[in-house]
Amino acid sequence: MSQKTKGYLEMYSLPTNFVILMFLFFFYFGDVLVLSLRTLSMDPCNPTAQQEPQTLISDQLTVLINGYSESRIPLLQSIIASYAASSLVSSILVLWGNPSTPSQTLAQLAHNLTQSSFGFNGISVIRQTSDSLNNRFLPRPSIKTRAVLICDDDVEVDPKSFEFAFKMWGSNPDRLVGFFVRSHDIDLSKKEWIYTIHPDKYSIMLTKFMLLKSEYLFRYSCAGGPVMAHMRRIVDKMNNCEDILMNFVVADEVNSGPILVGAERVRDWGDARNDHDDDDGNGRHRLIGEVAQVGLSSRKGKHRKRRGECIGEFHRVLGRMPLRFSYGKVVNSVGEQGLCQKGGKLVFCDQS
């Protein structure tokens, strides 16, 4: 059987003292093997499982895309096919966080991804053992690249913008780079931190599309001692805010904010405002309502309040506020508003 015809389904467990060897399961469609179960042979937080930074691939990245809702599978397949077609992508890990999804459904997903990947054999479907959002940042031994893209299953990015974002990250590998940003602020009347949007500054990069170096996965999941463990428990309690916590980790390390990149075309199908859009000709319009309702951010008021509470809790536990503001955005051509990369530095673009 050709290696290119295989779809993979891995089962990773959270860090434990013992690793249980599981069984192999095979699900066939005709004569094509589309599913196999594998187990993690080593605790992901074991330092010996981490590759030395200098041995990591630097001209490609690993895509970690979250999956949870079965109603989003058609859109997920389309997005993964787009990433699989890019020469910048070394491998794609589909992190399935819904423990109740039947194995047969994931088998069908693995089969479909195999069929739509045009010979790309680096796709793995990973069933998580829990729905913890912290699982998005586990330092998986299968990651062989210096850069990692954390993204959602409802965000489509055009190839040109994807390539430019990766190029921008390559010039700023210690920073978070992406297309979706928010801000922290303080409500002086209530003396509490809030989560908001500012028109001219930002301090939080969202995991809708977040480029970061793979070393940060270990720092988030394994380092930081009791303080970091406490903040990861806050993420589990809130069932939210893993992206904010990663921004805390990175900002505390580099004392800088994230970098916003301008895009030619980025579509967030999870945004309820898409309800007013016309069909794009690919049959996606019927998915919009369902997709938008699934996302945490569809519950705007409660969502923002909860994320403000997360910022306050992280600040209290850490004992300092590491988040830093950035300004403007990096664009791919002179003449657009924002910042441009020239000579390895960020400068204001010409406004002609």
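Visitor: Is the disulfide of Cys45 and Cys222 left-handed or right-handed?
Guide: This is a predicted model, where local features need pLDDT of at least 70, side-chain atom pairs count only at pLDDT 80 or more, and totals for chains, interfaces and linings use all residues. Cys45 and Cys222 are joined by a disulfide (a pair of cysteine sulfur atoms within 2.5 Å), with S to S at 2.0 Å. The torsion about their S-S bond is about -80°, so the disulfide is left-handed.

Visitor: Where does the chain hold Cys45 and Cys222, and how many residues apart are they?
Guide: Residues are numbered from 1 along each chain as its sequence is written, and side-chain values use heavy atoms, with hydrogens and water left out. Helices (H or I, at least four residues) and strands (E, at least two) are DSSP runs, numbered from the N terminus. Cys45 sits in the loop between strand E4 (37-39) and strand E5 (57-67). Cys222 sits in the loop between H4 and H5, so the pair links distant parts of the chain, 177 residues apart.

Visitor: Is Cys45 buried or exposed?
Guide: Buried means under 20% relative accessible area, exposed over 50%, partly exposed in between (1.4 Å probe, protein chains only). Cys222, at 22%, is partly exposed. Cys45 has 18% relative accessibility, so Cys45 is buried.

Visitor: How many disulfides are there by this rule, and what is the handedness of the one that joins Cys241 to Cys310?
Guide: The count comes to two disulfides. The sulfur atoms of Cys241 and Cys310 are 2.0 Å apart. The torsion about their S-S bond is about 80°, so this disulfide is right-handed.

Visitor: Which parts does the pair Cys241 and Cys310 tie together?
Guide: Cys241 is buried at 0% relative accessibility. Cys310 is also buried, at 0%. The pair ties together parts 69 residues apart in sequence: the loop between H5 and H6, and helix H8.

Visitor: How far apart are the end C-alpha atoms of helix H6?
Guide: Helix H6 runs over residues 242-254, 13 residues in total. The expected span is 1.5 Å times one less than the number of residues, so H6 should span 18 Å. The value in the model agrees: 19 Å.

Visitor: How many residues of H6 are buried, and which helices are among what covers them?
Guide: H6 is mostly covered, with 10 of its 13 residues buried, including Ile244, Leu245 and Phe248. Contact means heavy atoms within 4.5 Å. The cover includes strands E12 (192-196), E13 (204-205) and E14 (209-213). It also includes helices H4 (215-221), H5 (225-238) and H8 (300-318).
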